[in-house]
Amino acid sequence: MSIALPRLLERMLRPLWLFLFAGLLLTTTSRAGLLLWQIDRFGGVADVLKVLGFGLRIDFVMLCYWMIPALLMLLILPLRFRSVCAAVWLALGFTLLAFMEAITPGFIAQYDLRPNRLFVEYLQYPQEVFGMLLGGFILETLCGLAVLLLVPWLAWRAIRRVAPTSDVAATGWLRLLVLLLLLPVLVLGARGTLRHRPINPGFTAFSSDPLVNDLTLNSLYSVAYAVRAMRNEVDASGLYPPLPDAVVFAEVRRAMGVADAQFLSTDYPTWHLQKPSVTAPRLRNLVIVLEESLGAQYLGTLGGDDLTPAFDALAEQGWLLEELYATGTRSVRGIEAVVTGFVPTPARSVVKLPRSQQGFFTLASLLRERGYDTSFIYGGEGHFDNMASFFLGNGFERVVDRRHYENPEFMGSWGVSDGDLLRKAHEEFSRLHATGVPFFSLVFSSSNHTPYDYPLNAITPVEQPPNTKRNAIRYADHALGEFFALARSSDYWDDTLFLVVADHDDRVFGRQLVPVEHFRIPGLLIGNGIPVQRDARVLSQLDLPPTLLSLLGIEAEHPMVGRDMTQLPPAYEGRAIMQYGANQAYWRGDQVVVLQPGKAPQTFRFQREGFTFGQPIANPELEREALAHALWGSLAYRRGLYPPTVERSR
């Protein structure tokens with residue numbers, strides 16, 4: 001039976017109208033709640049109105065994307081299937097929308113951003129994720145489960161109630177006419193703009209505060225956009241302005257401070273000879289203790305909270321790096337910098353990328369060629385964040401993980417406690433020393449991570465309940481102190497160089513495009529003959545691996561772009577590179593260049609006291625240097641320019 005077009009639009013497409021208006025009501029209400037929660041982050045009413053206005057636009061885009069398949073179902077499928085299929089599809093979409101908004105407050109509390117690529121990446125590790133949720137995010141987990149249980153049923157009932165009945169039919173030509181009228185409207189709505197490129201988060205970004213910009217999105221859109229971007233994430237040239245390859249190579253080489261005669265290959269631009277500053281080394285073993293989520297803000301010796309008495313005491317016995325800055329906000333980013341010396345990129349860390357799983361330079365690959373035993377010692381599952389695959393493919397002979405601990409004192413969500421981990425490391429080092437074989441080991445802690453599991457009898461909690469961040473930091477520090485007490489009384493102490501360094505701060509957030517203050521981390525070099533000093537120069541995690549080689553007295557060829565700190569002048573102006581989502585900061589001297597997707601580089605005066613950005617200034621030279629380093633990582637990864645060894649060519 002044929003019916004008029006207005007009636008068809010009103011009756012047959014009721015599920016679409018319900019989905020659209022209910023979806024807009026849900027996302028707008030959620031955004032308003034998040035806005036009220038974070039109201040102190042806004043500059044005034046104008047910013048609030050921008051967030052609400054841009055948010056409505058992004059929400060309409062997301063809903064139009066989901067409505068296109070439903071429209072096709074309602075107008076193309078056979079009559080007996082169309083209503084059910086469309087109802088299932090729309091109920092699923094509304095459930096996903098509601099679920100992502102329900103978990104957003106907990107994600108913001110942890111990462112200061114809406115759910116993004118981290119949400120997707122962590123789905124690969126259900127055991128660790130569920131342990132973390134049950135240990136530290138009970139309320140958020142219950143809310144998410146409630147949404148998953150109730151919303152599908154409610155959405156299904158509501159959509160089926162307004163779904164067209166069998167008497168609402170239309171001739172084929174009338175349905176085709178409706179399709180031709182509405183499909184272009186939905187496609188245009190999904191694009192969000194008549195411009196050349198569809199709308200994306202860059203269109204709605206207006207603030208220097210990343211969270212404020214994120215609130216213009218909805219969380220389902222944020223995650224969907226991140227998943228789409230991950231397909232092309234290995235190439236920064238798609239985000240930042242281009243530079244000719246020759247300019248990239250020249251700028252990166254110039255910033256390395258290496259004499260032209262030391263560069264050994266024309267095919268591998270950064271491959272060079274590093275001559276050590278220590279010519280009669282006392283030390284031959286190397287141990288890197290990578291501390292989980294330990295920002296400088298928690299260390300008394302660095303002017304932070306008084307939570308690390310053991311580290312503070314050790315700082316009086318070694319070379320303390322007072323102004324050391326992480327390259328990123330994830331553990332794999334810290335591993336990437338400290339073990340490979342590779343620059344950060346907007347892509348995932350090379351620890352997780354496919355082309356770097358073999359034949360990629362690491363300290364382990366270099367030292368293994370020199371007869372070192374090389375190991376990674378961890379308390380959790382070695383496969384987490386793809387660490388075991390990357391390490392075993394790139395110079396590490398052994399991965400010691402939770403499977404190798406017999407009767408550990410404590411087992412938490414992320415594996416054995418730091419105490420168990422470091423006692424195991426001490427046993428390994430004692431055994432290796434007895435064989436006479438030099439060793440290099442990366443020891444990675446995990447107790448200072450949500451849900452902050454640790455043996456409660458090890459320390460006196462400073463706050464209740466005991467499983468909090470501050471207590472976990474105190475426990476991790478306690479375990480570190482116990483380890484160094486064992487190491488000092490061991491046979492391997494006199495010939496081992498130790499580096500204690502954080503992978504990143506526990507949370508990186510703030511109003512700045514790149515919140516530099518939350519990239520500051522502790523770094524301490526300690527060992528027989530290491531000078532006792534406090535180093536106030538601005539340094540990067542990238543500078544650590546070349547410095548370690550120099551202190552070990554190893555003359556080596558490698559592609560690392562970091563600087564040997566032992567050969568930098570006292571008045572060194574300093575440099576740090578920091579990746580924050582898709583933004584990157586390049587700090588040199590008293591200026592910081594910030595790179596953002598789709599925008600020209602901006603240079604700011606930078607006040608170290610207070611970590612504040614001044615007004616933008618012009619510095620084309622520094623901007624070119626910053627851009628070259630941002631592009632170098634993707635270029636080196638894509639072309640295989642970061643190998644463990646090369647044939648020399650001039």
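# Close-up views of a predicted model

**View 1. Antiparallel pairing of β3 and β10.** In this predicted model, strand β3 (residues 319–325) and strand β10 (residues 520–526) run antiparallel and are joined by five bridges. Within this pair, W319 has L525 of β10 as its bridge partner.

**View 2. The open sheet of eight strands.** The strands follow the order β5-β4-β8-β2-β9-β10-β3-β11, and their pairing is mixed. The edges are formed by β5 (398–400) and β11 (533–540); each has a single partner strand, so one side of each lacks a neighbour in the sheet. From one strand to the next, the twist averages 15°. In a regular strand, side chains alternate between the two faces of the sheet.

**View 3. Helix α3 and its kink.** Helix α3 covers residues 45–76 and has 32 residues. Its end C-alpha atoms lie 46 Å apart, which agrees with the 46 Å that should be spanned at 1.5 Å a residue. At M67 the helix has a kink of about 30°, shortly before the proline P69.

**View 4. Helix α4, its bend and the residue that follows.** Helix α4 (residues 79–111) is made of 33 residues. From its first C-alpha to its last, α4 reaches 47 Å, close to the 48 Å expected at 1.5 Å a residue. A bend of about 40° occurs at T104, and the proline P105 follows within four residues. Just after α4, D112 adopts a positive phi of about 60°.

**View 5. Surroundings of the buried residue D209.** The loop between α9 (201–204) and α10 (210–214) contains D209. The relative accessible area of D209 is 2%, so this residue is buried, the cut-off being under 20%. Apart from residues up to four places away in sequence, D209 touches R41, G510 and R511. With R41, the side chain of D209 forms a polar contact of 2.7 Å.

**View 6. Surroundings of the partly exposed residue E573.** E573 is located in the loop between β12 (556–558) and β13 (575–580). With a relative accessible area of 46%, E573 is partly exposed. Neighbours within four places in sequence aside, E573 is in contact with R588 and G589. The side chains of E573 and R588 are joined by a polar contact of 3.2 Å. E573 and R537 are 36 residues apart in sequence, while their C-alpha atoms are 7.3 Å apart in space.

**View 7. Two hairpins that share β16.** Strand β15 (residues 591–595) runs antiparallel to strand β16 (residues 602–607), with four bridges between them. V593 has T603 of β16 as its bridge partner. Six residues separate β15 and β16 in this hairpin, and G598 in the turn has a positive phi of about 70°. Strand β17 (residues 612–617) pairs with β16 in the antiparallel sense, again over four bridges. Here the bridge partner of F604 is P616 in β17. The hairpin of β16 and β17 has four residues between its strands, and G610 in the turn shows a positive phi of about 95°.

Definitions and conventions. Residues are numbered from 1 along each chain as its sequence is written. This is a predicted model: local features need pLDDT of at least 70, side-chain atom pairs count only at pLDDT 80 or more; totals for chains, interfaces and linings use all residues. Side-chain values use heavy atoms; hydrogens and water are left out. The expected span of a helix is 1.5 Å times one less than its number of residues. The bend at a residue is the angle between axes fitted to the seven residues ending there and the seven starting there. Buried means under 20% relative accessible area, exposed over 50%, partly exposed in between (1.4 Å probe, protein chains only). A polar contact is a pair of N or O atoms within 3.5 Å; within protein, one must be able to donate a hydrogen and the other to accept it, and residues adjacent in sequence count only if both atoms are side-chain atoms. Contact means heavy atoms within 4.5 Å. Two strands pair if DSSP finds at least two bridges between them. Axes are lines fitted to C-alpha atoms, for helices over the stretch in contact, and angles run from 0 to 180 degrees between N-to-C directions.
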